[in-house]
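Please look at the sequence and the model shown here, and keep both in view while reading the explanation below.

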Amino acid sequence: MSKTGKGILLEVDTRTDEERLMRMNELAGVKVKVTRDGYLNMSRGVVKDRDLKGCKSDEFLEYVPSVINARRIEIRRGDRRIKTNTFVLTFNTPTPPQKIKAGYLPLTVRRYVPRRCAVSGVIGMGTDGINVERKRID
């Protein structure tokens, strides 16, 4: 149990404890509102396969029950955007599964590590939007 800016964070180990906690309306004589934390109860993973080239993001939501969001990775070549066969999947579980089955296709889920900007250190931002003068130091 820890205190957060929005209230108290309780972590439980079993589904039974979670169900009991979700039904709770009062704690030590004080009315409480119990909600799941959306950020802590989700995870991300990456799937990549040659057969995913023609796949749409919506198909993961339709065929894989634990996927709540899917985003295709795109790369830039000059002024063109090229769709890759790699997807970042968001799961409704605290840890991503090791394997999923999308339709007939068995896929291995790798851990998602967001790209960190080499200049500013901000996660999720590339160096494309930053103007930096680079000087050679001899």
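The paragraphs that follow go from the confidence of the model to its sheet, its core and some single residues.

This is a predicted model, in which local features need pLDDT of at least 70 and side-chain atom pairs count only at pLDDT 80 or more, while totals for chains, interfaces and linings use all residues. Residues are numbered from 1 along each chain as its sequence is written, and side-chain values use heavy atoms, with hydrogens and water left out. The term pLDDT stands for the predictor's confidence in each residue, on a scale from 0 to 100. For the protein chain the mean pLDDT is 78, and 77% of its residues reach 70 or more. Over residues 125-138, however, the pLDDT is below 50, and this stretch has 17 contacts in the model beyond near neighbours in sequence, a contact being heavy atoms within 4.5 Å.

Helices (H or I, at least four residues) and strands (E, at least two) are DSSP runs, numbered from the N terminus, and two strands pair if DSSP finds at least two bridges between them. An open sheet is formed by 4 strands in the order 6-7-5-10, with antiparallel pairing. Strand 6 (67-77) and strand 10 (110-111) each have a single partner strand and stand at the edges, so one side of each is left without a neighbour in the sheet. Strand 6 and strand 7 (residues 80-91) run antiparallel and are joined by 9 bridges; Arg-72 stands opposite Phe-87 in strand 7.

The largest core has 15 residues, of which Val-47, Leu-52, Phe-60, Leu-89, Ile-100 and Leu-107 touch the most other members. Two or more residues come from each of strand 6, strand 7, strand 8 (99-102) and strand 9 (105-108), and the largest share, 3 residues, comes from strand 7. Leaving aside neighbours within four places in sequence, Leu-107 is in contact with residues including Val-47, Leu-52, Phe-60 and Ile-100.

Asn-85 counts as buried, at 18% relative accessibility, and a polar atom of its side chain lies 3.3 Å from the backbone oxygen of Asp-49. Not counting residues up to four places away in sequence, Asn-85 touches several residues, among them Val-47, Asp-49, Leu-52 and Arg-72. Thr-84 is likewise buried, at 13% relative accessibility, and a polar atom of its side chain lies 3.3 Å from the backbone nitrogen of Thr-86.

Finally, the structure holds 2 salt bridges, a salt bridge being a side-chain nitrogen of Lys or Arg within 4 Å of a carboxyl oxygen of Asp or Glu. In one of them the side chains of Arg-20 and Asp-17 meet (3.7 Å, N to O); both residues lie in helix 1 (residues 15-23), 3 residues apart, about one turn of the helix. Glu-74 forms a salt bridge with Arg-81, with the closest N and O atoms 3.2 Å apart; here Glu-74 is partly exposed, at a relative accessible area of 36%, whereas Arg-81 counts as exposed at 54% relative accessibility.

Note on methods
Buried < 20%, exposed > 50% of the residue type's maximum accessible area, 1.4 Å probe, protein only. Polar contact = N/O pair within 3.5 Å; in protein donor to acceptor, adjacent residues only side chain to side chain. Core = buried A, V, L, I, M, F, W, Y, C linked by side-chain atoms within 4.5 Å.
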